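Biologist: I am new to this structure and would like a close look at a single part. Could you take me through the sheet and what packs on it?

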Amino acid sequence: MKPEILLIEPMMPEIEKQLDAAYTVHRFTSVAQLKESAGRIRGIATGGATGVPEAVMDSLPALEIIAINGIGTDAVDLKKARQRNIHVTTTPGVLTDDVADMAMGLVLSLLRGLPSGDRYVRDGAWGHKPALPLGRKVTGRKLGIIGMGRVGRAIAHRAQGFAMPVSYTDLRDFELEGYAFVPDLLTLARGSDILVIAASGGAGSRHLVNREIMEALGADGFLVNVARGSVVDEQALIQVLDAEKLGGAALDVFEHEPDVPALLRHSARAVLQPHRASATVETRLSMGELVIKNLAAHFADQSLLTAVI
């Protein structure tokens, strides 16, 4: 008999086809839906932002592995997983380039006003209405990065092409050639023109970027988030944007996805994306393949490729 797994977040059709071939797949709709099959489900495939709701994990007594299609683990109770000897895997490295590309795309969109320029042309305003405000130069801007893991380093590498001096903060100094370590986030914000968040989510980083940090960036500073929405105090962000105490913000992630506050959605100082930094065909296929390989390794009693636990 094929092992039974629960698919919480949809994946690429090609990946789901492979899952269906190898497993009996239950597609999640509600905890109540699991009543008949809960005792037989041994694995979960889910997304990084979606994770595994506590009620779902509690309802699956035979659960052995959670394969996350992403790099975030903040939406999975890792402590409980360890207590129950449930393995957890992610897809590190696979999405690094796409997330870093998105970060730079957001920087360009925010400072050069690309979304508003697109709307201006589409609305037939060009030549008929007042010209758009001038944008801000990107090349040479001082870039600060919060979190110098794989994604942070890939962003820093791309920033070199724009002649950006790069500084970063993290839990420790990685002694990276060409990049300045700043142990204090407030100091980093004060010395940056653009602050990019590439840090992990979770309780330890919740609202790490608060009003004080945003105001330290200042009216000529810009905030970009491709990490987790919880890292930013969203209400404070709305207030500093409205008060023109921050130059602008470009966000791919939000505190309560998919709900985005109306004041943020209507802000002329914000560029927004629906959490799609890794949303390319190539990367989503590669991520899905790694999920499949981790599940296959587990059920074959082999070493997991990218285990967190």
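Modeller: In this predicted model, five strands make up an open sheet whose order is 2-1-3-4-5, with parallel pairing; strands (E, at least two residues) and helices (H or I, at least four residues) are DSSP runs numbered from the N terminus, and two strands pair if DSSP finds at least two bridges between them. Residues are numbered from 1 along each chain as its sequence is written, and side-chain values use heavy atoms, with hydrogens and water left out. Local features need pLDDT of at least 70, and side-chain atom pairs count only at pLDDT 80 or more, whereas totals for chains, interfaces and linings use all residues.

At the edges of the sheet are strand 2 (24-27) and strand 5 (87-89), each of which pairs on one side only. From one strand to the next the twist averages 20°, where axes are lines fitted to C-alpha atoms, for helices over the stretch in contact, and angles between N-to-C directions run from 0 to 180 degrees. Strand 1 (residues 4-7) and strand 3 (residues 41-47) run parallel and are joined by four bridges, and L7 is found opposite A45 in strand 3.
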